[in-house]
Amino acid sequence: MKFKKLLSLLAVSALATGLLAGCGGEEKAADSNVIKVGVFLPLTGDNAAGGELELRGIKLANQLHPEVLGKKVELVVADNKSDKAEAASVAARLIEKDKVSAIVGSYGSSLSMAAGNIVKENKVPAVGTSCTNPQVTANNDYYFRACFIDPFQGKVMAEYAHQNGFKKVAIVQEVSNDYSVGLAKFFREEFVKLTGDENSIVDIANYQTGDKDFTAILTNIKAQDPDAVFAPGNFTESALLVKQARQLGIDAQFMGGDTWETQEFIDVGGKDVEGVALSTAFDREKASTEEAKKFLDAYTKEYNGEPSALTAMAYDAYLIAVNGIEKAGTATDTVKIRDAIAATKDLECVTGMTTLDENGDPIKDVVIKTVKDGKFTFKDYVKAQAK
Amino acid sequence: MEYFDAIANMSALSFAQHMVNGISLGSLYALIAIGYTMVYGILLMINFAHGDIVMMACYFAFFGITAFHIPWYFTFIITIILTAILGVLIERSAYRPLREAPKNSILISAIGASFLLENLANYLFSGRPMRFPDVPLLSQNISIGGIEIQAICLVIPVVTILSLVVLLHIVNHTKTGMAMRAVSKDYEIARVMGINIDNIISITFIIGSALAAIGAIMYGIRYPGITPMMGVMPGLKCFIAAVIGGIGNIKGAVLGGFILGLGEILIVAFFPDLSGYRDAFAFIVLIVILFYKPTGLLGEKTTEKV
């Protein structure tokens, strides 16, 4: 037994030496005037559409910020194929073979989580683009992200409801959807805290993905006469929900999350969804930072149409990573880079001035949009607050 | 106790609103359930494509109004005709060749037809939801003594009851109806007696699909997000409604539809905590009914023909 243990110890130390040697090798590579940043996205498979939009953002960011520490930043694009098993091995390859200084990505929380342990063990920092599940950065010092986490949106909407003087709010949640339930939970906690009134949430109603008829829960809600209804969830169901609420004569303010921001929501909801409030990360017209203007100019030159929030968030993830490398003053000491990224404060990004909190999640202004004349339009900012 | 409080605290107005919601949902279920029950009555098979016929009818009406700008009343007539043709086409291509085959083969063929329609719609119309156009008068909201409803909610029960009356008349008092009943009893004997079975079955599919189209139009006005998969859940629910009422029995299908629709609404009304389990209600009722009255509420006890 003892002997076996000794042997494994030897093996581990040999491996560690190997790793160190690897680092040494990278020192030389770094001399060659390139700094490698890994791009970790689903470019094929189910999530390819989202991955493609984000790749655009990262490429644009690389065009506009091609250098750091006087060296060129080289993107090493790796396709995690929308597959968890693939994601883990792709992340390992980026670190071990390509020896990247930092990783940007992924779209999709489960893909990011699959790479979580690998970046943690190899001590290479990663900045997620649109992985919104709290688990991605929780208990992982090496994973950061550019997007809001689900609870944050719930909190922000509670703040918004409070600022608008709503006293009684009903919650309608899509009970089979983690996103919806998460937002609803954090909304409730925050709203009760802000109003100091346990009874300020007058009703919590559930529905299932795919439901079409909401008249029963809405009739119950109508009896409570709330000032507002918080109903984060899938866009088709939500549009029908708002529509039926108006038919039942409920004139409360409807509020939701970023999943509402799709053309289908307006198509299905029609004039009934006019005036709803929803939280999102980015508004094209009210771009608040210089960086956003640069981003929009570059985007319109390169691509047709309007940039999606995903593209903007991926752009920001690159900025956060490269800014970390610059602040650390090294491309090889990944631990130092991690510390520098963790210390990100008031970094000018497309989606607002960004500060990372102790979990590695961004604190930034949230855009509140509404629907006006059949279009999503800017309504308000909710200022970021340190927790 | 808590629940009794909830019932006691519910205002008369809320209760009336719940009843109106339930009746309109129930009559919609009833209308679609009739289609299931008719086909079963004649062919002793479950037409699993029925829900998808409803979906296709929604798309017919959608394109008629939005793409071809046909006035809505003409569109609805065209929709009913097209849907009836679709129903007959499905019968001719998927069920007729298997008429002499074991019942299981026809059942599987029905599931195939269902998948075909879903995927065809997905391919032709894309999976993104489209909005069923507003129809003048019917899409309007009206208020009667504090009860707020869409005008269509008043129309749906009337149409359902009318359809039921007309259908019962056809089945019980016409020659075609007599032939249908004869085919349903024993189609070998019916054939021997000189009844053209193929025609009768086609007529059954025409009536069933036309009712599905009427149901689809009202479903579209009431719940205007239409997608290729929209027929699945209503199809399942209405099938259950038909079984609850006693499959093969037209009055039973209507009864089952009302029980299911009202039940789904009232369970949420009285037990708000159960709002997430609404769909489960239909299946629990089904299980209970099958336990105590396997032939359904109005179903007759028949000896199995082999």
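In chain B, 21 residues of domain 1 are in contact with 18 residues of domain 2. Contact here means that the C-beta atoms of two residues, placed from the backbone, lie within 7 Å. The elements giving two or more residues to the domain 1 side are helix H2 (12-43), helix H3 (50-66) and helix H6 (151-173) of chain B. H2(B) gives the most to that side, with 8 residues. By class, the domain 1 side that touches domain 2 has 15 nonpolar, 5 polar and 1 charged residues. Ala, Val, Leu, Ile, Met, Phe, Trp, Tyr, Cys and Pro count as nonpolar; Asp, Glu, Lys and Arg count as charged; the others, Gly among them, count as polar.

The model is predicted: local features need pLDDT of at least 70, side-chain atom pairs count only at pLDDT 80 or more, and totals for chains, interfaces and linings use all residues. Residues are numbered from 1 along each chain as its sequence is written, while chains are lettered from A and ligands numbered from 1 in the order in which they are written.

Confidence comes next. Chain B has a mean pLDDT of 88, and 95% of its residues reach 70 or more. pLDDT is the predictor's confidence in each residue, from 0 to 100. For the complex, the predictor gives an ipTM of 0.85 and a pTM of 0.79.

**Domains of chain B**

Domain 1 covers 32-229 and domain 2 covers 231-301 of chain B. Such bounds come from an automatic or database domain assignment. Taken over C-alpha atoms, the centres of domain 1 and domain 2 of chain B are 19 Å apart.

B:Gly245 belongs to helix H10 (residues 232-245) of chain B. Helices (H or I, at least four residues) and strands (E, at least two) are DSSP runs, numbered from the N terminus. B:Gly245 counts as buried because 29 other C-beta atoms lie within 10 Å. Neighbours within four places in sequence aside, B:Gly245 is in contact with B:Gly252, B:Ala253, B:Val254, B:Leu255, B:Gly256, B:Gly296, B:Leu297 and B:Leu298. B:Ile189 is 56 residues from B:Gly245 along the chain, and their C-alpha atoms are separated by 27 Å.

**Contact between the chains**

The contact takes 25 residues from chain B and 24 residues from chain A. On the chain B side, the elements with two or more residues are H2, strand E1 (130-131), strand E2 (141-144), strand E3 (147-150) and helix H11 (250-270) of chain B. H2(B) gives the most to this side, with 5 residues. The chain B side divides into 10 nonpolar, 11 polar and 4 charged residues.

**Sheets of chain A**

Six strands of chain A form an open sheet, in the order E2-E3-E1-E4-E5-E6, with mixed pairing. Its edge strands are strand E2 (67-68) and strand E6 (143-145) of chain A, each pairing on one side only. Two strands pair if DSSP finds at least two bridges between them. Strand E5 (residues 126-128) of chain A and E6(A) pair in the parallel sense over 3 bridges. A:Val127 has A:Phe144 in E6(A) as its bridge partner.

Helix H11 (residues 309-328) of chain A lies across strand E1 (34-41), E2, strand E3 (71-79), strand E4 (102-104), E5 and E6 of chain A, running at about 170° to E4(A). Axes are lines fitted to C-alpha atoms, for helices over the stretch in contact, and angles run from 0 to 180 degrees between N-to-C directions.

Another open sheet of chain A has 3 strands in the order E12-E13-E14, with antiparallel pairing. Strand E12 (347-349) and strand E14 (362-363) of chain A are the edge strands. E12(A) and strand E13 (residues 352-356) of chain A pair over 3 bridges in the antiparallel sense. A:Cys349 stands opposite A:Gly352 in E13(A).

A cis peptide bond joins A:Gly105 and A:Ser106, with omega about 15°. A:Ser106 sits in the loop between E4 and helix H4 (109-122) of chain A.

| Residue | Phi | Loop in chain A |
|---|---|---|
| A:Lys123 | about 55° | between H4 and E5 |
| A:Asp373 | about 50° | between strand E15 (366-372) and strand E16 (375-382) |

A:Lys123 counts as partly exposed because it has 15 C-beta neighbours inside 10 Å. A:Asp373 is exposed, with 7 other C-beta atoms within 10 Å. A residue is buried if 20 or more other C-beta atoms lie within 10 Å of its own, exposed if 12 or fewer, and partly exposed in between, with C-beta atoms placed from the backbone.
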